[in-house]
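Here is a short tour of one structure for you.

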Amino acid sequence: MSTPLSLTCTSLSFAWPDGTPVFEDLQIAFGPGRTGLVGVNGSGKSTLLKLIAGELTPTDGTVRVAGEIGYLPQNVTLDTALRVDEALGIAATRAALHAIEAGDVAEKHFAAVGDDWDVEERALATLGQLGLGHIDLDRTIGEISGGESVLLRLAALLLRRPDVLLLDEPTNNLDLYARRRLYDAVSAWSGVMIVVSHDRELLDLVDQIADLRSGEVTWYGGNYSVYEEALGTEQEAAERMVRVAEADLKKQKRELVDAHTKLAKRTRYANKMYENKREPRAVMKLKKRTAQVSAGKHRIMHEEKLAEAKERLDEAVEAVRDDDEIRVDLPYTAVPPGRTVLTALDLRLRYGARVDGDLDVRGPERIALVGRNGAGKTTLLRTIAGELDPVGGEVRAHVPLRFLPQRLDVLDDGLTVAENVARYAPGATNNRVRARLARFLFRGARADQPAATLSGGERFRAALAALMLAEPAPQLLMLDEPTNNLDMASVRQLTTALESYEGALIVASHDLPFLESLGITRWLLLKEGGLRTTTPEELGTTG
């Protein structure tokens, strides 16, 4: 018995108003279970979810859904004046319930309640499951954090019990603890779910992976780890096929050269025999034509074989994914072990945050800065970077430092990639800037792209290049949530780039797998005004 399809996209096409195509004749269907929709930045994942949710209209084709859709967009914005029960969509039912409980038996109240007599209990239970049990239904959105508002939007969807749930980068801006609540909700989901995410832990909870690439979808059974293993096997086979195709192409080129050589020899021999007139003229002409035709056929056969070999090589190369990695040498970023890089004492920060006691960073330490949303991680990094003055205490960097904020506003949108990097290295020649940028995958004309036209992943790479190639070389590099909105390929590129960095590193992130891949030497938890040493294991169990 076949599995019923809950969502089907047939001959789906979509292009932006300027004519840029995103999909052409896309065919895809989703059945029950959790599907992780993956692909590089710009492949159309979020666009596909918007088309399914009805927020965009396809230029052609149809989307058919069996049942109701619930959609959590990537950027959740809620009116800060809304009450929590209004955001949950239960305000009218709740008001009617309270009126009936107060003795008002008007028909309109019973009509508003319908069969949903336990809506308030269900709402509180759902909030509790998502770690929002402390939030009163009468509070306003302005009184809760950004991460809590994302979970609140998810709670509203869960209360509606949709048949199909679409989640677009749901863990962005969630701290470790909020992420864990969301993981639990995803694990418990029994309907149809499509989730777009760069969060590896979240993608390891799905039942299958749909890989969106060049406008087509390839399916892989199992979670992200299984997908990665299968993809690795595929890529090894694809790379072997490239080597085979390259060898065949060389062989066909050699045989074509041989064919040309033989043709030239036969032509010279036929001409010589004709000139010497050793046989009757008619016979000589016939032999000459026969030799030329035979050699010509031989040459044409080899030219066709060469064309076929080129085509096979093109197909083989196309099957190999662009796995370019950032590989740079940054010797001037090196910091000797034991050298003091940063000192801070009893910092009182803006917005009420503080760091009691001493903070010393020595040598090429790699520090992970973790903590709940609102604990002050970004404020601390901005204060160290000199963007904010401390309210009290002191902080001092003893080496050149650079800070990459979440906003990536270190780039001037009016300048090209090369011009942006040159701003940070005014002493470098144009050739040197371009040579270094090529190692960050901005080769040739790509270095002349205006920053305003870059995709999310490209913009991050350009900002990272500007800071890491700056003069003087940064010996303290600070990154604030660097993996937000990056696809898996961009995260891998960031990791390989940071492998070459020899200075001290401070990274604020909620992405534990990414932090663990960096070779972190010290984990610092910012909580209730104090920095204390922690471990990934402790973070995995702390609520």
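Helices (H or I, at least four residues) and strands (E, at least two) are DSSP runs, numbered from the N terminus. Please keep in mind that this is a predicted model, where local features need pLDDT of at least 70, side-chain atom pairs count only at pLDDT 80 or more, and totals for chains, interfaces and linings use all residues. Residues are numbered from 1 along each chain as its sequence is written, and side-chain values use heavy atoms, with hydrogens and water left out.

**Around tryptophan 117**
- Tryptophan 117 sits in the loop that runs between α4 (107-113) and α5 (119-129).
- With a relative accessible area of 43%, tryptophan 117 is partly exposed (buried is under 20%, exposed over 50%, partly exposed in between, using a 1.4 Å probe and protein chains only).

**The sheet**
- Six strands make an open sheet with mixed pairing, in the order β5-β6-β7-β3-β8-β9 (two strands pair if DSSP finds at least two bridges between them).
- β5 (69-72) and β9 (216-221) are at the edges with a single partner strand each, so one side of each has no neighbour in the sheet.
- β6 (residues 164-168) and β7 (residues 192-196) run parallel, joined by five bridges.
- Within this pair, aspartate 168 is opposite valine 196 of β7.

**Salt bridges**
- The count is 20 salt bridges (a side-chain nitrogen of Lys or Arg within 4 Å of a carboxyl oxygen of Asp or Glu).
- One of them joins glutamate 365 to arginine 522 at 2.8 Å, N to O.
- Both glutamate 365 and arginine 522 are buried.
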